[in-house]
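Work through the exercises below with the structure open beside you. Try each task before reading its solution.

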Amino acid sequence: MITLRALLFNVLFFGGTALLCIVLLPLMLFGRKANQFVGHAWCRLIQFMLRYSVGMRKRFTGLENLPDGPCIIVAKHQSAWETLTFHTVVPDPAYILKKELTRIPLVGQFLILSGQIAVDRSAGSQALKDMIKGASKALEENRQVIIFPEGTRTPPGSNRPYHPGIFALYKAFPDTKVIPVALNSGMFWGRDSFMKYGGRVTMEFLPAMEPGLDRKTFMKEIKHRIDTRTRELEAEAQTEFHLPMLTSDDIDAKQEKEDAQLSATANKAPVKDTAQDKVS
């Protein structure tokens with residue numbers, strides 16, 4: 001039944017997305033606000049599909065920590081779920097994302113026209129300058145800048161390092177609140193996973209980071225706050241909804257096993273060939 005419901009969601013997801021693109025495509029010609037409207041509509045549609053196909057609902061806590069105006073949101077990133085969800089929480093999100101995404105047909109044009117902040121991560125120090133410039137423009141427009149400090153989706157239980165870009169934002173905009181966000185979306189919708197599980201995904205907005213911290217203290221503290229609360233939310237979801245939990249240790253172990261099998265296969269081949277040579 002879970003597999004069938006996941007299949008139903010995937011059919012609805014691709015079909016609904018295609019239909020929405022056709023209906024709302026003309027709005028892309030009317031500027032950033034119109035494109036943000038398209039983004040909000042799409043994300044709400046997907047949330048509706050998730051709820052009524054696989055039973056995946058959402059719960060927000062700590063909303064009192066979220067300011068009404070511009071802010072910088074530093075969020076855990078476990079799934080596609082949160083990229084769809086911030087549009088339903090804050091009025092005008094500006095995601096910091098890798099530039100490669102803007103090359104995807106139609107999607108890339110939408111990201112550009114809706115004012116997302118695309119950064120070429122291979123550009124070194126220039127990438128930080130471009131990020132600061134894009135964030136400055138977004139904050140001046142009273143928007144909410146969203147950054148995923150791990151740089152990619154990570155599975156539940158992971159302990160990946162946070163990239164220093166978050167401190168660059170913290171330092172560049174000392175009067176702007178930096179809000180850490182913990183969540184457990186990866187328990188319900190894993191990275192590159194066909195399966196989707198029913199239950200209530202939690203996104204929690206934690207108290208703003210204190211101003212004036214040095215780089216080492218800031219990086220250590222924000223990671224500790226987000227990761228600690230994320231572990232607690234993962235454990236709560238697993239207990240409440242009896243979910244499977246694939247941690248980064250599991251993934252690393254699986255990769256090591258596959259690497260070992262490939263290595264053993266490669267090592268056996270020459271031995272077999274040598275034996276045949278001796279017989280001949």
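This is a predicted model: local features need pLDDT of at least 70, side-chain atom pairs count only at pLDDT 80 or more; totals for chains, interfaces and linings use all residues.

**Exercise 1.** Find which residue forms a salt bridge with Glu 141, and state where the two partners lie.

Solution. 
- Step 1. The partner of Glu 141 is Arg 32, and the closest N and O atoms are 3.8 Å apart. The cut-off for a salt bridge is 4 Å.
- Step 2. Glu 141 sits in the loop between helix H5 (125-140) and strand S5 (144-147), while Arg 32 belongs to helix H2 (residues 32-53). The two residues are 109 residues apart, and the pair links distant parts of the chain.
- Step 3. Glu 141 has 32% relative accessibility and counts as partly exposed. Arg 32, with a relative accessible area of 17%, is buried, because buried means under 20%.

**Exercise 2.** Decide whether Lys 33 is buried or exposed, and do likewise for Asp 92.

Solution. 
- Step 1. The side chains of Lys 33 and Asp 92 form a salt bridge, with 3.4 Å from N to O.
- Step 2. Lys 33 lies in helix H2 and Asp 92 in the loop between helix H3 (81-85) and strand S3 (93-98), so the bridge ties together parts 59 residues apart in sequence.
- Step 3. The relative accessible area of Lys 33 is 58%. Exposed means over 50%, so Lys 33 is exposed.
- Step 4. Asp 92 has 6% relative accessibility and is therefore buried.
- Step 5. Both residues belong to a network of salt bridges that links Arg 32, Lys 33, Asp 92, Lys 137, Glu 141 and Arg 143.

**Exercise 3.** Locate the salt bridge between Arg 225 and Glu 210.

Solution. 
- Step 1. The side chains of these two residues meet at 2.9 Å, N to O.
- Step 2. Arg 225 is in helix H7 (residues 215-241), and Glu 210 is in the loop between strand S7 (199-205) and H7, so the pair joins parts that are 15 residues apart in sequence.
- Step 3. With 35% relative accessibility, Glu 210 is partly exposed.
- Step 4. The structure holds 15 salt bridges, and the pair of Arg 225 and Glu 210 is one of them.

**Exercise 4.** Describe the surroundings of strand S5: which strands run parallel to S5, and which residues cover its faces?

Solution. 
- Step 1. Strand S2 (residues 71-75) runs parallel to S5, joined by 4 bridges. In this pairing Val 74 stands opposite Ile 147.
- Step 2. S3 also runs parallel to S5, with 3 bridges. Here Ala 94 has Val 145 as its bridge partner.
- Step 3. Gln 144 and Ile 146 on one side of S5, and Val 145 and Ile 147 on the other, are all buried, and both faces are covered.

Terms used:
Residues are numbered from 1 along each chain as its sequence is written. Side-chain values use heavy atoms; hydrogens and water are left out. Buried means under 20% relative accessible area, exposed over 50%, partly exposed in between (1.4 Å probe, protein chains only). Two strands pair if DSSP finds at least two bridges between them.
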